[in-house]
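Student: I've got a model open and want to talk through its surface and pockets. Can you take me through it?

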Amino acid sequence: NALDLTLGASYTDRNNNLELMLSLPWSERGLRQASTEEAYTLTHNRLYNPTWGMQAGKIRNSRVATTLRPEIVALWRHRLSATTYFTLAGNIYFEGYGTSALTWFNAPTPMPDNYKYMPSYFTDDKDRHTVEEAWITNDPRYTQVDWEGLYHTNTLQLDGHARYAVTSRRANTTHATMNAGFKSQIKDVEVGYGVELSSDTERNFRRMDDLLGASHIIDKDYYIEDDATYSHLTDNNLHNPDHRVGEGDRYGYDYQITRLRAKFYASARWQIYGIDFLLGANLTAEHTQRRGFFEKELFAGSASYGRSQGVTLVPAMLAASAHYTLNQHDMGVAILWRSESPSSNDLFLQPEYNNRLVDNPEMSSTVAAELSYRYTAQRLRLQAMLYIAKTANEMDVVRYYDDLAGEYADAVIDGMGRLHYGVELNANIVWSQYFSSNVAITAAQYRHCSNPSVTTYADDDNSLIANTVSSMKGYYTGAPQLMLYGDIAFRHMGWTARASVQYWGLNHTPP
């Protein structure tokens, strides 16, 4: 289900142009979840979805995504003189996004395709045959979520504590941008310059949506309650200890990450001896900080609660291009250098409940260049491009269970590098009055070009587990290295018929 309401207005006179838009999109959609080959084979359904079941005679999906995003966009363009324009633009939006899922507390998994519920798990032939028959006949009591059973289990709990519930992970983002810029014609040079201020605040939390007939849960860390070392540190929020979570309450984690930016930019365009030149640059100051609203017992005090240490980075960009046109030929060259900050979440080991910043956060850098050629004739338009791009010092934080260490871990992968280069060809051919074709070819190499360092920390106390190096150099990235497209179209008396073929090749799994 989706609804989108949009209102727009504009005003124009000799010196002013004003645009205003308000939008209110909302959507709610059920999601699929991946399953196993055994489940797909037994049900004879490659689209088998284990997340739904029957409740009171109706289908109910446990995984539902909801989005609400009211937004305002405004722009005012004012002519200051015959050669200078001033533009003021603003954008404000709030986006509430959430994804629900079944959750269980000290109870067997309710997911019907869990390996313990599948025929292959049973050693007794009679039991295996019974379960297999139920899956082959698509008996929803076996193949789908048993909502009635979950309600029944919850009502049997004398203390009212839910064993099963539907919860959602929510991310509420507030974004605001204000851009003030000038564009002027100074003799033969067109210059632009201005400043852009922006703020992004993302509030993340977990919410109890449906207790499925129970009255509450206790807000604690159920993953470590039977841990020999940390079982006495299970409270998720010391400011509200042993909180009885009801429907609509936040629990588990509640934090926000704020990123403030101030960007200064400038550009210049001019022509000399028939060559068009373009030069652009920007410099940005970014400040990122986490604020925890829950004080997790495992990370008591400022380790999880309140404001973290802030991170200030200064990314920048410099780009230049030149184009020359002679009769039917157009030739161009472009170069780019850019530095970028890591994403906000990649600056922290575990932002859900940890104020701990990664050590020595760095910006990635990219150097790129391309050569282009375009030929235009009455029956043929041909374009060719050679390109190369190298990115260094990319950073990622991976949160996972480390089998070797036997505990949950946060791995900081630092110093990743990628090298991309290739050629693109595109042609539009007019064969006759009625027939024409488009042809496109991309042949490229996309590879990792460095061996990043991997620093692994224990998730429970941020202690160092290991320092290693990942041998990624030489591996392909996850993108097709070869792409081909061709078509032929027939046009006559307003009718168009087209036949086309596309091919993607050498698409490797990312390491």
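Student: Which strand holds Leu3?

Tutor: First, this is a predicted model, where local features need pLDDT of at least 70, side-chain atom pairs count only at pLDDT 80 or more, and totals for chains, interfaces and linings use all residues. Residues are numbered from 1 along each chain as its sequence is written, and side-chain values use heavy atoms, with hydrogens and water left out. Strands here are DSSP runs (E, at least two residues), numbered from the N terminus. On that basis, Leu3 sits in β1.

Student: Is Leu3 buried or exposed?

Tutor: Buried means under 20% relative accessible area, exposed over 50%, and partly exposed in between (1.4 Å probe, protein chains only). Leu3 comes out at 58% relative accessibility, so it counts as exposed.

Student: Which strand gives the most to the nonpolar patch?

Tutor: β1 (2-12) and β2 (16-30) each supply at least two of its residues. With four residues, the top contributor is β2.

Student: What is the volume of the largest pocket?

Tutor: A pocket is an open set of points on a 1 Å grid where a 1.4 Å probe fits, with protein on both sides within 12 Å along at least five of seven lines; lining residues have an atom within 4 Å of a point. Volume is the space filled by probe spheres set on the points. For the largest pocket that gives about 1,100 Å³.

Student: Which residues lie closest to its centre?

Tutor: The largest pocket is lined by 39 residues. Closest to the centre are Arg169, Arg206, Asp221, Tyr223 and Tyr408.
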